[in-house]
Amino acid sequence: MKRHFEQELESLKTTLIKMASVAEEAVRLSIKACLEHDLELAKRVIDNEDRMNVMEIEIDNAIIDLLALQQPVAIDLRLILAAQKINNDLERIGDHAVNIAESAMMFAERKESAPLLEIPRMSEIAELMLRDAIDSFIHQDPELSTEVLQKDDMIDQMNVRLVQEVVQKMKTDMKSVDWGIDIIRVSRNLERIADLATNIAEEVIFVLQARVVKHQADIKRTEHGGVSQGLP
């Protein structure tokens, strides 16, 4: 019975990692479509949305079975609970990638070379945060999770600056309104992807250390004490 549970748990982790890979690819392609005004690439991201929805349901069902048929304790229970939250976060990341792809379509259809301001740098940081959050889960690395949490404020600040700059431009140039709306939309979706990557990193710390971490506050309290390598 124990061996069967371990196999089911490993299968859950494998499926979750596959979904994470799909979400990461959706974000990468949507950003590429946005930066390069690539209409076909944007459509590809949108067309693949159903794949993530199917995987989300598959993972939800596996979690329900594990909780209903088994009696997980300690780190196994934390992993299952975290997997449920990460599954939801990944599905939402997929939604935000679709939103970015839709804005990319608008850029491509206008056939204009409008400035992207801080979007390229925000994209780079958001992609890095997501990749590191996923890697921290795969490799059970709380140190990497901590690095993700420490980048969250950077994205928030860049989003605020961009929105302020774009709103100011729209006030003085009515022709920039359509561009401005889409730029703000992309920026806010990147900020949300970074937030969700932060959520995933927090769940990894919860699994490995049985600590509930909310953004930077708890990390600052542990800076001088270091990060432990998890609990049995």
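Biologist: Is Asp182 buried or exposed?

Modeller: Asp182 is buried, with a relative accessible area of 7%; buried means under 20% relative accessible area, exposed over 50%, and partly exposed in between (1.4 Å probe, protein chains only). The model is predicted, so local features need pLDDT of at least 70 and side-chain atom pairs count only at pLDDT 80 or more, while totals for chains, interfaces and linings use all residues. Residues are numbered from 1 along each chain as its sequence is written, and side-chain values use heavy atoms, with hydrogens and water left out.

Biologist: With which residue does Asp182 form a salt bridge?

Modeller: Side chains of opposite charge can pair when their charged atoms come close. A salt bridge is a side-chain nitrogen of Lys or Arg within 4 Å of a carboxyl oxygen of Asp or Glu. Asp182 forms one with Arg110, and their closest N and O atoms are 2.5 Å apart. This pair links distant parts of the chain, with Asp182 in helix H7 and Arg110 in helix H4, 72 residues apart. Helices are DSSP runs (H or I, at least four residues), numbered from the N terminus. Arg110 counts as partly exposed at 23% relative accessibility.

Biologist: How many salt bridges does the whole structure hold?

Modeller: A search finds 11. Among them, Glu203 and Lys85 meet at 3.9 Å, N to O. Glu203 lies in helix H7 (residues 177-209) and Lys85 in helix H4, so the pair ties together parts that are 118 residues apart in sequence. Glu203 is buried at 12% relative accessibility, whereas Lys85 is partly exposed at 49%.

Biologist: Which side chain of opposite charge is nearest to Glu56?

Modeller: Lys and Arg count as positive and Asp and Glu as negative; His and the chain ends are not counted. For Glu56 the nearest such side chain is Arg92, 8.7 Å away, and Glu56 is buried yet has no salt bridge. Glu56 is placed in helix H3 (residues 49-69). Leaving aside residues up to four places away in sequence, Glu56 touches Met19, Asn87, Asn88 and Glu91, where contact means heavy atoms within 4.5 Å.

Biologist: At what angle do helix H1 and H3 pack?

Modeller: Axes are lines fitted to C-alpha atoms, for helices over the stretch in contact, and angles run from 0 to 180 degrees between N-to-C directions. Helix H1 (residues 2-36) and H3 pack at about 160°, with their axes 10 Å apart. That makes H1 roughly antiparallel to H3, a term for angles over 145 degrees. Residues making the contact include Met19 of H1 and Glu56 of H3.

Notes. Helices (H or I, at least four residues) and strands (E, at least two) are DSSP runs, numbered from the N terminus. Angles under 35 degrees count as roughly parallel, over 145 as roughly antiparallel, 65 to 115 as roughly perpendicular and the rest as oblique.
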